[in-house]
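Visitor: Please show me the sequence and the structure, and then I will ask about them.

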Amino acid sequence: MTAFIRQEALEKAKEIQIKADEEFAIEKSKLVRQETSSIDSQYEKKFKQAGMSQQITRSTLANKTRIKVLSARQELLDDLFDQARGKLADHTKDKGKYQNLCQNLILEGLYALNEDKVAIRARKEDYDVVKKAMEGAKEEYKNSMQGREVQLELDEKNPQSEGCSGGVSVVGGGGRIDINNTLDERLKLLETDALPMVRASLFGKNENRRFQD
């Protein structure tokens, strides 16, 4: 009887052990899956963060490089126009060509104002050349405007400033309208109007630029 009871106890204990081992294996497997999933999730998160960090780094470096290139290009353009500005005075050395230039600048102002009496302002050293240019402009204006006369007066009370490189100002409207056709002002306009063409000539056309300013 004692042996039977003992045998029953051993078998029961064995069943409990087997069941406990099975439950342990199941729980262990569950924990392993959970930890594996957690590790995979953390790895994926860190991988994404690393990828995003690399993208930000590449973008930052690209922007810095682009800024440096644009800065270098702008310095080159500024230097180019500075050189042109330094050579403006050369256009006044040949009196014949300079007189023709002043005549055309005066005519441009006359056509824009379309007035009967206009004042011309120039540098003091250019007065002789500008007076001849005024006579030529008057004659050409008369011929192109079907005999219409225009009275031109050299405004010696208001000469161009000492730093002016040449050219003229055409003043109408009783002194209220001043068309600045000095060489310095024309170069400023050229910097704005011709900049896209100059930029394309030096650096090539930018396909990503939507507006050619």
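Guide: Not counting residues up to four places away in sequence, aspartate 155 touches Ala119, Ile120, Arg121 and Tyr127, where contact means heavy atoms within 4.5 Å. This is a predicted model, in which local features need pLDDT of at least 70, side-chain atom pairs count only at pLDDT 80 or more, and totals for chains, interfaces and linings use all residues. Residues are numbered from 1 along each chain as its sequence is written, and side-chain values use heavy atoms, with hydrogens and water left out.

Visitor: Is aspartate 155 buried or exposed?

Guide: Buried means under 20% relative accessible area, exposed over 50% and partly exposed in between, with a 1.4 Å probe and protein chains only. The relative accessibility of aspartate 155 is 13%, so aspartate 155 counts as buried.

Visitor: Which side chain is joined to that of aspartate 155 by a polar contact of 3.0 Å?

Guide: A polar contact is a pair of N or O atoms within 3.5 Å; within protein, one must be able to donate a hydrogen and the other to accept it, and residues adjacent in sequence count only if both atoms are side-chain atoms. At 3.0 Å, the partner of the aspartate 155 side chain is that of arginine 121.

Visitor: Which residue caps the N-terminal end of α2?

Guide: Helices (H or I, at least four residues) and strands (E, at least two) are DSSP runs, numbered from the N terminus. α2 covers residues 95-113. A side-chain oxygen lies 3.2 Å from the backbone nitrogen of glycine 96, and the capping residue that carries this oxygen is aspartate 94.

Key. Expected span 1.5 Å × (residues − 1).
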